[in-house]
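Hi everyone, thanks for making time this morning. I'd like to walk you through one protein model. Please have a look at it first.

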Amino acid sequence: RKKLAAQVESLREGCVQTTPLDIEAACATITGKYGLSRREADVLVYMARGWSRKRIADELHVELSTVSSHIARIYRKLDVHSSQELIDFVGNAL
């Protein structure tokens with residue numbers, strides 16, 4: 001157990017801890033710089049948190065296809081091609 005606890009602590013030390021406010025601030029900066037719409041900005045925050053398209057659609061009370069359209073526009077504006085690239089993009093803006 002002590003060995004496992006030491007390994008976990010070592011991993012934590014190498015990780016950057018972010019808060020929801022950090023993510024929101026980074027997304028706000030990106031929104032202004034890249035001209036995202038208000039709704040695209042909302043979707044960006046949820047995507048940066050790692051939410052699924054379905055969960056975002058449920059949260060925003062919109063169709064899944066609407067979320068997919070927003071995501072396609074976000075990807076095009078930010079020149080990213082996957083959710084992981086988007087998460088990394090926001091992480092780099094922190």
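I'll go from the overall layout to the helices, and then to the loops.

Before we start, please keep in mind that this is a predicted model, where local features need pLDDT of at least 70 and side-chain atom pairs count only at pLDDT 80 or more, while totals for chains, interfaces and linings use all residues. Residues are numbered from 1 along each chain as its sequence is written, and side-chain values use heavy atoms, with hydrogens and water left out.

So, the layout. The protein has 6 helices and 0 strands, and from the N terminus on the elements run α-α-α-α-α-α. Helices here are DSSP runs of H or I with at least four residues, strands are runs of E with at least two, and both are numbered from the N terminus. Of the 94 residues, 29% count as buried. By buried I mean under 20% relative accessible area; exposed is over 50%, and partly exposed is in between, with a 1.4 Å probe and protein chains only.

The protein exposes about 6400 Å², and carbon and sulfur atoms supply 52% of that. Those areas come from the Shrake-Rupley method with a 1.4 Å probe, and for residues only the protein chains shown count as cover. As for contacts, meaning heavy atoms within 4.5 Å, residues 24 or more positions apart account for 53% of those with a separation of 6 or more.

Now to helix α3, residues 38–48. How many of the residues of α3 are buried? It is 8 of the 11, so α3 is largely enclosed by the rest of the structure. The buried ones are E40, A41, V43, L44, V45, Y46, M47 and A48. Just after α3, G50 takes a positive phi of about 90 degrees.

One partner of α3 is α5, residues 64–78. Two packed helices are described by the angle between their axes and the distance between the axes. For α3 and α5, the axes come within 10 Å and cross at roughly 85 degrees. That makes α3 roughly perpendicular to α5. The axes are lines fitted to C-alpha atoms, for helices over the stretch in contact, and angles run from 0 to 180 degrees between N-to-C directions. Under 35 degrees counts as roughly parallel, over 145 as roughly antiparallel, 65 to 115 as roughly perpendicular, and the rest as oblique.

Who meets whom there? From α3 we have R39, E40, V43, L44 and M47, and from α5 we have H70, I71, R73, I74, Y75, K77 and L78. By class, this contact has 7 nonpolar, 1 polar and 4 charged residues. Nonpolar covers Ala, Val, Leu, Ile, Met, Phe, Trp, Tyr, Cys and Pro; charged covers Asp, Glu, Lys and Arg; the others, Gly among them, are polar.

Is E40 buried or exposed? E40 is buried, with a relative accessible area of 2%. Leaving aside neighbours within four places in sequence, E40 is in contact with G35, H70, R73, I74 and K77.

G35 itself is in the loop between α2 and α3 and is partly exposed, at 44% relative accessibility. G35 and L78 are 43 residues apart in sequence and 9.6 Å apart in space, C-alpha to C-alpha.

On the α2 side, T31 sits in that helix, residues 20–34. T31 is buried at 17% and touches L36, A41 and L44, not counting residues up to four places away in sequence.

Next, α4, residues 53–60, whose buried residues are I56, A57 and L60. They cover an arc of only 100 degrees around the axis, which puts them on the same side of α4; the arc is that of the directions from the helix axis to the C-beta atoms. These buried residues pack against α3 and α5.

Last, the loops. H61 follows α4 and has a positive phi of about 60 degrees although it is not a glycine. H61 is exposed, at 71%. In that loop between α4 and α5 we also find V62, which is partly exposed at 24%. D79, in the loop between α5 and α6, is another non-glycine with a positive phi, near 55 degrees, and D79 is exposed at 55%.

That's my tour, and I'm happy to take questions.
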